[in-house]
Structure formats: structure tokens, C-alpha cells
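Welcome! Take a moment to look over the structure below, and then we will walk through it together.

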Amino acid sequence: MSASGRAMRIAPFLAVAASAGAVLFALPAGAVLAAGFEVTASVSSNMIGPEDAVTLTVSVSGGSLPRQIAVPDLPAMINLRQGSGASTSSSFRWVNGETSATRLFSWALLPLQEGRAEIPPIEVNVGGESFRTEPIVLQVSATASGQSGGPPEPGRRSPPGSGPGQQAGRGASVLVRAEVDNPHPWAGEPFVLTWKLLTRTSVARVAPDRLPAMEGFLVEDEPVEPSETRRRVVENGVAWDEYVLGRKILTAHQPGRRVIAPAAFRITARAESDNWDPFNRLFGGSLREIARETEAVAVDVRPLPAAGQPPEFSGAVGQFTLRVAADRSEAATGEAVGLRVTVEGEGDLRTASAPAIGPLADFRSWEPKLEEKTTLEGGKRRVRRIWSHVLVPLAPGRQELPGVRFAYFDPKEGAYRVVSAQPIVLTVRRGEGGAAEPGGAVAVGQQEVRAMRQELRALKAADTPLRSASPPFYRSRWWWGLLAVPLLAPMAAFGWSALRAGGAAERNRRRRARAASGRRLKAASLLLGSGGAGASSDAFHDELVGAIIENLAERWDVSPSGLSYERLEEGLVARGVAEPTRRRILAALETFDGARFAPAGPGGQDGQRHMAEARSLVEALDRESGNPVAGKRPASPRAAGGRG
Amino acid sequence: MRTALVVLLVGGVISSVAMAETAPQPEEEFRRAVAACDAGKYAEAGEGFRKLLAEGYDEARVHYNLSCALFRAGDLGGAILHAETASSLDPGDLDTRANLEFLRSRAVDRDSGPAGFSNEAVVRIVDRFARLLPPNALAAGVLGGEWIAALCVFLALRRSRRGQSARPAWITGACAVLIALVAASGLGLVAWRRESFQEAVVLPEKADALAGPGSGHPVLFSVHAGLKVRVEGVREGWMQVRLPSGLSGWLQQDEVGKIVLP
């Protein structure tokens, strides 16, 4: 075997070994491995064209990552600038019980010119530790266009100041442009900024990445559907599909030079080389996202000329017409009349003030109600403003609303214009009470008069004498008294009726007692008055005893036959009769009982004395034998037997 | 001596009669202030109405007119203060309510209503009802309802005892009880608010509420003219106020006008 033959045989093994070594030992460019974290930086391609975007990805991976990892700052790069980013994504894997997490930070970078480009080490802070990636070197070359990693780049950015036709020969197939329809607008004149997409390949999706702030402009968006704006344009012999990505109507009210910053878009388009591949054309081919950016657009805003400016210039810039109409030609005093002043046209009325309707001495007027309608279509800004005045005529007769004038600046002519409306004559008759007639109003009627009466009401008059504000009635004692009466009255009535019922029985008993003792004493008096002739002492003293006993029996509501001396004493004690009176009663009863059997009649001195004693005792009983002492009411004398 | 006393007495009577004739009547002062306001002399009108208030004529229409004059003079806080006072004195007056609504619409801070009643629907309904009527009308409603109810009960019992139909009396009595209860709820709410809280209005166009009673404390929030607040305490020229939203802070005493009610 010759040496060359051996070399031929071992060559495949050497190639395999070299490949295995490369696979085993090769790490991604810029890999840093420390403290359990792996930090790497990589780019989507190391060879790019001057119009290509390259994606820079910084990856942080490890068993477990801190919750917060700050987005790394990109260092100053050589021949590269940041297009967009950073976007962040995270992933988590669990394989055979081992977990790993990865956090990715991505930027889109754009080359500045052909030649060598370099990304210096990127410092990444993970969990309080600082890591630095390895530098990455790229080559920017026109020959590399469309060859960068994966599918070829479908097009290139439009270089500033160049048209799409100029780039066709260099392979650019997707461009974005910013255009203004008037680079020298007047202050207050609306102009249109349009972002367009020009493409020679299929575009799947366009998304704005960064839009300028447009400071110094009033901006209005005109909705545009890109698919509906497609048109075919040919520039320098090259055919392009043109789409409108966005349209804004801008108005600058301050003169001077202003620059509209570039707008960046992300475009998903088919790779250019695929367009000629029948298989790819049939199945859609490979798509690639590319970044494109418009150029900055300078606008020179011209000041409105001072010369020739009418005194009633309102600030409106554009071309307008004026209409003034009243909703009636006849009205009564006090009746609301609607006056509509309409300015309509193409331009900007946002800063325009209401056209003056002149001094109206014989009318009462309010601030007009403003309606505005703006239509943006085809890059034109059509606007209509209506000032609705409500006027109330104060004096009858022929009233003239003076003509209205409206001044504006016409940017096409570069001069001020004044439009005017004829005076309106109103026939005013004397109204009744100043009220508007029902059903007479049309566009603006009495309802609007009410709505506009956002004013203080009239002052109060001194039609009644002034006085101090009194404290509320609920604080007064009278109020509480009156409040309590209906609540307490039923209780008082009930108590009164109960009390009255009890008192009546007592009074009846006293009355009966007095009547009974009175009868007996009268009888005794008759016996005594007869001088003893035919009268027995027994009968006389029986009347005296009866006068006392029946008096007590009636008072106590018991039977007289049941009142023995013991029961009498118990009863007198229980009813609070004083002891001397008790002794006198008992002594008198014993005396009267004993005197019954005296042989002499009642006509003597004893009879007079006994009579007086009996009267005195009955009076004493009236005074003292009132209320029973609680708990000491004697047992019924009927049950206890008679007086012995 | 006797002659001198008589001369002094007669002289005193004459001078007092003369003074009574020359001193302007309050109605005349009121009319003068109204005329000043109509003539656009709002400061003069305001002084006139303030003088009447100081003399004790603190009824609702004086506060109402003073509120109008102050608004015309550019004092929104003072205007709302006196409109609130007029509204508390005479809640049923439509002019006062309209003016108060108008003035509140001019205020920067929006009043979210009485604090503490935001979630209780029933209380809010009663509160709205109570704000329509003056306290005396509510008190009269309570008394009238109660007395009529008591009378109806008496008549119903009497007719029942006599074997006559008592149904109309019972129905009337129930209605009267209902009226008395509703009026009592409203009156209770009015009295509770009136007796428990001191309300006030922010006077200057803007005032900073501090964390404590002293200019060295940090600013917690800002309030603007016309905002109604509750006074929670006063200390050394500073007033602690609570907003309807629940925020609490200290304002200088002259930045706040109390709603003073009799």
C-alpha cells in the first residue's frame, strides 16, 4: 500500500475526528460560564449585506435564574447601530429531573457601511455577578446580501435620498418611504404625511416598530387599509407594488423648519430568491422578517403674511364658505330665535374663533353652542363648524341681524379672503309674557335657552321684614312636650279612669255611712226632743249605737251584725283611726249599751251628753276612718261572728 | 332738681326717637345692597349683606344674596359657603338649590356627597328627602303624623266599642304613622348631621392640606375653593378637615369658612 493510498484511507477518519472535536469543544462565540450561569452572545449571521438587519442575542441560562435580570446595555459598536430592541423572552426546561432556564435578550442591528463590524463585549449582571461576553466580529459586504443565515434577505433599505429604481440593480426588493404632499406649508395649513411600502416581493405582514413623536404638529390619523391602497408604479423602468402604510394629516401653527424623524417598520416578506423558484412560489416559500426605516423629512412652515390681514381674521387657514340662517323670520318678544352660522370647507378651523354677529342691542344673547365635524379622506381635511346662537328679541318691530363676515387665509392663493353673509331681517311682534310659542322652534328652540341658562338666579327681594334665623323647632321643649302628649295621654287616661273608679266607690261608701248615721241620729234626736215622753232609753241608745256601728259598717262595706268589739277595734286600727278616738268609740258603745237599761228616759242630762258624744264620734269617724292601712284590713266580721 | 330730671327724660326720649328715625332699617340696607349688586358694585353689595349678617339678620335670603355678590366679585369659595348656609337654612328653595348646583359646577374639586352614606341606599334616599325640607317642616310632619295617628286610634277604639265600623280610622291612622316615621327618619338624619358635625367650605382658590398643624409639615394634598369639608379639630390657628373621600389634613383656619347655623 502506498503512502498516498493510506492517506486516502485514513482521510475520512481524520475528517470525522476533526468534526467530532469541533462539535465537542466548540462553544458559541462569546460564551462565558461561571457560577452556574452561562452567558453567551450570538448573532444571526456573521456575514451580512449593507442593507440587512442582523439579530444580536444575549442568552443567560442556568439551573435557576434570578427573577430579575436587567436588560444589558449595548456598548458602542463599530459600524453597527441599534435598529430596535431589546426584546426579552424566557424558557424553562425540565429534563430527567434536571431543570434549566434561559433568558434571551434580542436586538436588531443595522450596518452603517460596508466593511468590518464589531460588537464589543457586553456586560451582563446576573444575580449580583457581572459577566462579559466575548466580542463578535461581522463582515458587511455587498456580495453577502441575501446570504446571511437562513433564507436570503429579500431586499435592502432605501439609502437616504435614493429612489427605488436606483436600488433595483443592487437587489433591494422592499423599501419604505415617508412623503409629504407639501414641504412648504403655511402655518395652520394641513398637509399630509404618508408612509409607503414599495416591494418587488410578496409581503405577509408589516408592523410599525418605531414611529416619530411629531412634536410641534397637530396630528390626525387617517385610517388606511394597506391592502386597499395597492397600486403599480414604475420608476426608472422598474415595476414596484406600492402600498400606503399610514397617513397622517399634520398642522403646524408655529412657523419654522421642522424635521419629522424616521419611522421604522418590521416587514415579514418572502425571500427574494424564492420568487423564481416554482416550488416555493407554489407553497409560499420561506418568510423572513426584515427591518426597514424611512428617511427623516424636513418641512419648512411658512408664517402667515402680516400684510393684508383683515381685522376680523379668525385664524382659519384653508378654503371656506359661510352660511348664516335664522330658524324663523317672525318672532315675538321673549321668544327664542335660533341663528346658525356655518363655516365649511377644506382646511383647519380648530383655532378659528366664532364669527362676530355684530352688536345686538335689542336682543338678548348667550354664548353660541359649537358643533364641529371633520372628515379625513384621500389626504383631504374637510371641516364644518356650526355656531348656534340663541337670540331673544327684546323690542317689537323690524329688527335686523347685521351681516356676518368671516376672514381666512387661502394657502393656494397665498392671500387672505373674506366671505360675508347678508343681514337677516326679523319681524318682531309684542309677545305675551315673553314665553316662546310651542312648536315654533326648529333647529334651536326654547330647550336650548333652558340649557344655556347656566347662570346664577336673581337676587332675593326684601318683600317681607328681615329677621334672625331661628333655631330648629326640634330643640325646643315645646316640641318634646307636644311629641310626648299623644304617647302619654292614653296612659294618663287609663290611670285617671282607674283612679276615678276607685274614688267613686269610696265616696259612695262614705255617703252611705253618713246617711245611715244621720238617719239613726235623727231618730235619736226625735226621741230626745220628745222629752222622754213615751220614749225608752233603750230605743234612744239603740239609735246612738246604730249610728256609730252602721256608719262603720257602711264605710268598711261589712254587715253591722258582724262587728264585735274585737273586730271594731281591729278595723279601727287597720284604718288608721287615732287611739283616743278608738278609746272614745269603744267607751261610748259600752256606755250606750249600759244606758239602755236605765230606768229613766233619755230626756235627762245624760241623754243630751250621749247624743253630743255620738255626733262627735260620727264626725271624728268622718275625719279619721279614711283609708285602710295596707295589709291590716280586718277579716270579714260576718265570718267572725256578731258584736258580743 | 326735679325740673332737670324732667328735661333729661324728655331729651332722652326725643333723641332716641330721632335716632330710630335716622337709623336705616334692615330692609332698607338689604335693598341698598341688592341695588349695588345690580349696578355691578359687588364689593359694596357684599359689604352690605355682611353687615346685615353681623347685625343678626342671618336668614337664608341674606346668605343667598351674599353668595351671588361674592360669586360676581370672583370669590367662588365664599359664594359656595353662603350658598351652602342658605341651603341648610331653607333647603326647599329652588333658587338656592339651582345656584348651589351652578356654583359647585364651577369648583375644581367635585363633592362626592355626604361622607359615610355612599353604600346605604335607604339612608341615601332618606337623606335626599331630608335635604328637600327644612328641619321645622320635618318636625311638623312628625308631630302632625303622631297626633293624627293618636286621634285615629282613639276614634277607632270608640267606634269599635259602639259596634260601628272603625276601618277608615285605622287606615288613616296607619298612614299618619307612616308619615310620622318617614319625617322622623329625615329629622333624625338632619339633626344628627347638624348636631354632630361642623361643616366648612374651602375659601381660597387653592390650599395645601398638611400632615399636621404647622407649616413645617409635609403637604398631603391640595384642595380648591368651594370644596365642602368636615371640621374635625382646631389647634393654634389650624383646622383639621376631612374630605368626602376620607382624606384628612390640616388647613390654616382662615382658609376655611365654617357653615354657621343657628
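Predicted model: local features only at pLDDT ≥ 70, side-chain atom pairs only at ≥ 80, totals over all residues.

Residues are numbered from 1 along each chain as its sequence is written, and chains are lettered from A and ligands numbered from 1 in the order in which they are written. For the complex, the predictor gives an ipTM of 0.74 and a pTM of 0.38.

Now to where the chains meet. Chain B brings 31 residues to the contact and chain A brings 22 residues; two residues are in contact if their C-beta atoms, placed from the backbone, lie within 7 Å. On the side of chain B that touches chain A, helix 8 of chain B gives the most, with seven residues. Helices here are DSSP runs of H or I with at least four residues, numbered from the N terminus. That side of chain B divides into 20 nonpolar, four polar and seven charged residues. Ala, Val, Leu, Ile, Met, Phe, Trp, Tyr, Cys and Pro count as nonpolar, Asp, Glu, Lys and Arg as charged, and the others, Gly among them, as polar.

Next, turn to chain A. The axes of its helix 7 (residues 565–574) and helix 8 (residues 579–595) come within 10 Å and cross at roughly 160°. Axes are lines fitted to C-alpha atoms, for helices over the stretch in contact, with angles from 0 to 180 degrees between N-to-C directions.

Conventions. Helix = DSSP H or I, 4+ residues; strand = E, 2+ residues; numbered from the N terminus.
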